[in-house]
Each structure stands twice: as C-alpha cells, then as structure tokens.
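Subject: Structure handover

Hello,

Here is the structure we spoke about, with its sequence. My notes on what was found in it follow below.

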Amino acid sequence: MTRRATQQRTYSAYQWHILAGLIAGFLLRLYFLRAQTHIQGDSLVYGDLATNMLKHHIYGLTEAANIRSTLIRLPGYPLLLAACFAAFGVGNYVAVLWFQLLLDLVTCCLVAALARRLMGQRAGLAALWLAMLCPFTANYIAAPLTETSAVVCAALAFYSLERWAARVREAAPLNAWLWPLALSLAFAALLRPDRLLLAFAVLSAMAWLAWNFRGGRRRAVLQTCIVALAIALPLAIWGARNWRVFHVLQPLAPKSANDPGEFVNHGFDRWYRTWAIDFKSTDDVYWSYDGSPLALTDLPGRAFDSATQREETAAIFDSYNEAGAATPQIDAAFAALAAERVAAHPFRYYVELPVLRVFDMWLRPRTEMLPLPNDWWRWRAHPLASAGTAAYAALNLVYLILAALGLYKWRQQSWSDRRALAIALLAFVLMRSAMLLTLDNSEPRYTIDCYPIVILLAAFAFVTSRTIKAQHASYAARP
C-alpha cells in the first residue's frame, strides 16, 4: 500500500470517528432532553423576562396583572430566549432546549479542535469522545439555564484565542478570529457577573501576547483594546438602563439578586455560611427560606455548637414557620446567632467551610439535574439510587484525575509553545474556584464552566510522547 493510500485510509478512519462521536453525543443529549427536562425556578424567571421583552418591550417580571421592571438578572440569557421565542413561538421552551443541544455539540467540537491543534489528532479524538459522552455538561441542555451558553462561550473564547494568537504571530493584516473572540467574551459577561472572570483571563493573555509580538505589537494591542471595548460596551448600556430606571449604579447584577429597595436576608445568609457545606443543605434550607417551612431535622450537627444554640435555632425556626415568610425581626435573630458562632470559630467560618464548599462543588456527584437523592451517602434508604449517584461521583473523579495527568503531560511538552494560552486556561479555573469561596450556597453547576478545560486537559492524558512528536508539527502549528 502506498504512503498516499495509507494517509487517505487514516483520514477516512478519522472522519468516521468524528461522525460516530457526533451521533453518540446527539443521542446522549436527546435522552436528557426527552427524559430529564427541567423547566422550573430560574428557568421560568428567564422565560418571563424574555416574554415581557417581546410582548411589552419591558425588561421586567410579571406580578399579578402588572409588569415590574427589574435588574436581578443580566439580559444575556433572556435575550437568547427572546430570540428563540420570536422564531418558534412565545413560551416554546422545547425549541430552546433543541437549540441548547446544538450549542453543546458545538462546544464538544470546539474542545476537540483545540485539543487537536495543541497535541495532535489523537488528543482531538480523545477530547471529542470525552466531551460528547460527558453527562455533566450534556444534562444541562435539558434546562433553560445559562450553563450551556456559558460553556460554549468558554470553549469558543479559548479556541478563538489560540487561533487569534497564531494569526498575530504570522503578522497577518486581517485577523478574523478577533470577532468570535469578542462575541464569546461579551455574551459570557452578559450571562452572569462571575463570567467576567473568563474575559479577565483571556484579555490578560491577549495583552501579554500583544506586548511580546515584536513585529505586530501595535496591531495586536489595538485588537486587544477592541475586544475589551466589545465587552465593556453592552455592560455600559445595561448600566445606563439601570441608572435611568432605578437611579442606581449597577452595570452587572446584584449578588443577592434583589432590586433596589428590596429587603435582603443578610442575617440568614451569614448564619447559613456558619455551617453549610453540601448541596443537600442548599436544596433543603437555603432555597426553602422565605417561601417554604424549615425543619430542624434538615440541619447537620455542625449547625449547633451547644444545646443552647440548638434551642435558639429551634425558636427562630418556629417564629419563621409561624410567620410563613422572612421578616426583618427573624433576620436580626439569625444575624445575632451568626455573630455568636463566627466569634467562637472564626477559622471555621472564614477558611474551613468556604474551602469545603468549593471541594463539594468540584467533587460532589453531579446529579443535581437528575432524579437521584441528595443524601446519596444513605445507602440503606435507597441502595440502587446511591449506587448510581456514587457512579457519577466516580466518573467525575476520573475526569479530574485524567485532567491532572494531561496537565502534567502538556507541561512536559512546554505547553505546545502556547504558554499564554495555558496560563489563561489555568488562571480561569483558579480564579473561578477562588470566587466560589465567597458564595453562600454550594452548587456543582458553578464549576461546570470549567469543564471544557477539564475535558481538554483530560484528552492530553491519552497522548503518548511518540504520538506528540509525530503529529504535533502537522497539527499544532497550523493557522
């Protein structure tokens, strides 16, 4: 067999691998869309905002027969829903889910393409299959939430950054990759305030690369400024709208998701942070407060430092349940209890518990979108469900271990001559994890934005040194 025939046969096999991966990824997401759809809570809030924009040209929430202007959510995802509603009918969430399915397949292809450019064809195929068969990202297509959009923005941003850097390195006069890079970062910033960390990581890498490009420094610096302007402009428009409507300086969305003048339960939030670690507490207590009854049995033993504190907590719960809603007096009681607990154990409050919450978000079984128990460790109560949840936890751990191994291999290859890209990828993961230290509630979905990076690095674990040497020159250096 001639060399040309061998190459054609290899390329044909590669194409079949891609097609098989796409089919497998589509079927997995189709299962979640058909069997595990979640349209509730925040999904309905986003849908209400989109509907009111289309029907009444008001960015607001429906209350009884009135529409109240709001700023509790950034407009990125409601605008996406509004576009889907305009095309397929108002309230057609099924069309939104199908669109998200396609978006997530695009994410998989972007991660695979980036892996191929950095570490060769074998890495690209590994990334494709790891991404297509990853249930942790796939199950979010079945819920009208920002996660699927945020994940594709991250994948597109880092892929475009690598392509942009390659074009600038060649001193190309026109760098078309500037525009998808700007679009992905600007839209990510409009999804949630914490997605600005993606912009910070990428813009820092762009600035460093631009300054070190001897031949085209001025052009690269200008393009970096254009991307920064593309991110700042929509946020400035949003901030101007909020100033006009509410007379407050709010270019993002408030941490407590409250409109100006609304009461915020700061006392309860601080008390909750004195003991909360796991997602079960988020579901049972954090989300239930100010709307549903609270039960003392939902609290773990670490929520009390003494029998007296237990009695005080029970009394506050009784007052809350009797009132049927949060009040300033009840919040003040939670605040006093929290102050007592923080003063007694400051290290636990400021260091130990935040770190444990972040570990929980990274390592907990990613089953929050599935009909599986939150108390998965109680095997006697639901042995089969606990086994399934434990399997999800093991799979998540496998991805993370592979990512660590892939990171080591990539470092051994001098980052494929993409040091700035590597630093941007790692900086995004570290900054997002650091940001999670400041949150009250533990939710695994807050780390899902990092999963394109986890999958990318995990794919590198399947690449041998010989394969890297044979393929890196052919694929990593291509424009």
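Asn265 is buried, with 13% relative accessible area (buried means under 20%, exposed over 50% and partly exposed in between, with a 1.4 Å probe and protein chains only). This is a predicted model, in which local features need pLDDT of at least 70 and side-chain atom pairs count only at pLDDT 80 or more, while totals for chains, interfaces and linings use all residues. Residues are numbered from 1 along each chain as its sequence is written, and side-chain values use heavy atoms, with hydrogens and water left out.

Loop between H10 and H11

Asn265 sits in the loop between helix H10 (217-246) and helix H11 (266-273); helices (H or I, at least four residues) and strands (E, at least two) are DSSP runs, numbered from the N terminus. Not counting residues up to four places away in sequence, Asn265 touches Tyr289, Asp290, Ala326 and Asp331, where contact means heavy atoms within 4.5 Å.

The phi of His247 is near 60°, a positive value in a residue other than glycine. Ala257 is not a glycine either, and its phi is positive at about 55°. His247 is exposed, at 58% relative accessible area, whereas Ala257 is partly exposed, at 29%.

The chain overall

The protein chain has 19 helices and two strands. Its radius of gyration is 24 Å, close to the 23 Å that the globule rule gives for 479 residues, so the chain is as compact as a globular protein of that length. That radius is taken over C-alpha atoms, and the globule rule is 2.2 Å times the number of residues to the power 0.38. Along the principal axes, the C-alpha atoms fill a box of roughly 80 × 55 × 45 Å. Of the 479 residues, 52% are buried. Among contacts between residues at least 6 apart in sequence, 75% join residues at least 24 apart.

Nonpolar cores

The largest nonpolar core has 121 residues, and Phe158, Leu161 and Trp164 touch the most other members. Helix H4 (residues 93-119) gives the most to this core, with 14 residues. A nonpolar core is a set of buried Ala, Val, Leu, Ile, Met, Phe, Trp, Tyr and Cys residues joined through side-chain atoms within 4.5 Å. Leaving out residues up to four places away in sequence, the contacts of Trp164 are Asn175, Trp177, Leu178, Leu181, Met206, Leu209, Ala220, Gln223 and Thr224. Another core lies apart from the largest one and has 19 residues, among them Phe268, Val285, Leu299 and Ala326.

Ala424 lies in helix H17 and is buried, with a relative accessible area of 3%. Apart from neighbours within four places in sequence, Ala424 is in contact with Phe158, Leu161, Ala201 and Ala205. Ala424 and Ala199 are 225 residues apart in sequence and 9.9 Å apart in space, C-alpha to C-alpha.

Ala422 is also found in helix H17. It is buried at 1% relative accessible area and touches Trp410 and Trp415, not counting residues up to four places away in sequence.

On a 1 Å grid over the protein atoms alone, a pocket is an open set of points where a 1.4 Å probe fits, with protein on both sides within 12 Å along at least five of seven lines; lining residues have an atom within 4 Å of a point.

Residues in the lining include Trp362, Leu400, Leu426, Ser433 and Leu457. By class, the lining has 11 nonpolar, one polar and no charged residues (Ala, Val, Leu, Ile, Met, Phe, Trp, Tyr, Cys and Pro count as nonpolar, Asp, Glu, Lys and Arg as charged, and the others, Gly among them, as polar).

Pro75

Pro75 is in the loop between strand S2 (66-69) and helix H3 (76-88) and counts as buried, at 10% relative accessibility. Leaving aside neighbours within four places in sequence, Pro75 is in contact with Tyr59, Leu190 and Trp238.

Regards
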